[in-house]
Amino acid sequence: MDKEELDIPEDFSFLSDTDTSDSLHPLDVLCAILLSSDSFLQQEILSKMSMCQFALPLLLPALDTPKCTLLLWAMRDMVRKWRPHSLAESRGFREESLVLTSMPTISFVRMGSCSFSKSHLLNEVHSPSQQHHNFFVHWDMESGNVPRAIADGLVEISWYFPGGMGNSDLFPEPVAVTNLLGDIESHWVQFSFLTEISSAVFIVTESISEIEYALLSSLQGSATKYCFTSIIRLGKPRKRWNS
């Protein structure tokens, strides 16, 4: 059966499952929707994402506005329950507002291009033992390999809450984890914001240019701890990642 029999316009085209030429990156779609939504719709979207255990957008990139958009208000009704190690024996738990709970923040950023996916690495580290979960969108997910158009500069945030399970818990207390999409040199405003709210910043890189060294030198005197993470691969170079 052809297009004429189905009464389909000639300029209409079907996309195969493997055709990504007209596909959109999931985070581009998310940013576009959130930037065109009011506060109440943003709150509803983030609530649904949280239920699915996806990392939430914390800071939207500036497109039509001079400043980035902070989405803390959209998270104001979220409540989390957890069991810190200090209450493990009594089997007690704590339940508090997500945005009002005091906890350390660990941020991950990228300097330059890398031959491995930072978002994929975060999922591996952030997932409980034998329970892998894709909190952060990465290259191997559906449409994750589509080049981003507007999502670079987005800051995602996820949280870890212990269950009082002793050695199986990654941390004894709650920890927030943020992920900046794109290179810090192109998104210095977002990077500076993360240096202000983070206890530690992990900078993923494979090399440091003179310009990048000069930028990093401006951070001297900051109370935040900085850790450089580099993975050196031997053999044939792999595709450069942008997550």
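## Threonine 178

Threonine 178 lies in strand β7; strands (E, at least two residues) and helices (H or I, at least four) are DSSP runs, numbered from the N terminus. With a relative accessible area of 0%, threonine 178 is buried, a class that means under 20%, against over 50% for exposed and in between for partly exposed (1.4 Å probe, protein chains only). Not counting residues up to four places away in sequence, threonine 178 touches Leu58, Thr105, Ile106, Ser107, Phe108, Val155, Glu156, Ile157 and Leu194, where contact means heavy atoms within 4.5 Å. The C-alpha atoms of threonine 178 and valine 201 are separated by 9.3 Å, and these residues are 23 apart along the chain.

## Basis of the model

This is a predicted model, in which local features need pLDDT of at least 70 and side-chain atom pairs count only at pLDDT 80 or more, while totals for chains, interfaces and linings use all residues. Residues are numbered from 1 along each chain as its sequence is written, and side-chain values use heavy atoms, with hydrogens and water left out.

## Overall fold

The protein chain has five helices and nine strands, in the order α-α-β-β-β-β-β-α-β-β-α-β-α-β from the N terminus on. Of its 243 residues, 41% count as buried. Among contacts with a separation of 6 or more, 66% are between residues 24 or more positions apart.

## Aromatic pairs and a charge over a ring

The structure holds five aromatic pairs. Rings of Phe, Tyr and Trp (its six-membered ring) pair if their centres lie within 6.5 Å; planes under 30 degrees apart count as stacked, over 60 as edge-to-face and the rest as tilted. One of the pairs joins phenylalanine 40 and tryptophan 73: the ring centres are 5.5 Å apart and the planes stand at 90 degrees, so the pair is edge-to-face. Phenylalanine 40 belongs to helix α2 (residues 39-51) and tryptophan 73 to the loop between β2 (69-70) and β3 (79-82), so this pair ties together parts 33 residues apart in sequence. Phenylalanine 40 is exposed at 57% relative accessibility, whereas tryptophan 73 is partly exposed at 38%.

Another pair consists of phenylalanine 108 and phenylalanine 202, which is stacked because the ring centres are 5.0 Å apart and the planes are at 10 degrees. Strand β5 (residues 105-111) carries phenylalanine 108 and strand β8 (residues 200-205) carries phenylalanine 202, so the pair ties together parts 94 residues apart in sequence. Phenylalanine 108 is buried, at 15% relative accessible area, and phenylalanine 202 is partly exposed, at 24%. Elsewhere, the charged end of lysine 81 sits over the ring of phenylalanine 93, 4.6 Å from its centre; this requires NZ of Lys or CZ of Arg within 6 Å of the ring centre and within 35 degrees of the ring normal.

## Lining of a pocket

The second largest pocket is lined by 15 residues, with Leu72, Val99, Thr105, Ile157 and Trp159 nearest its centre. β6 (155-160), β7 (175-183) and α4 (188-197) each supply at least two residues of this lining.

A pocket is an open set of points, on a 1 Å grid over the protein atoms alone, where a 1.4 Å probe fits, with protein on both sides within 12 Å along at least five of seven lines; lining residues have an atom within 4 Å of a point.
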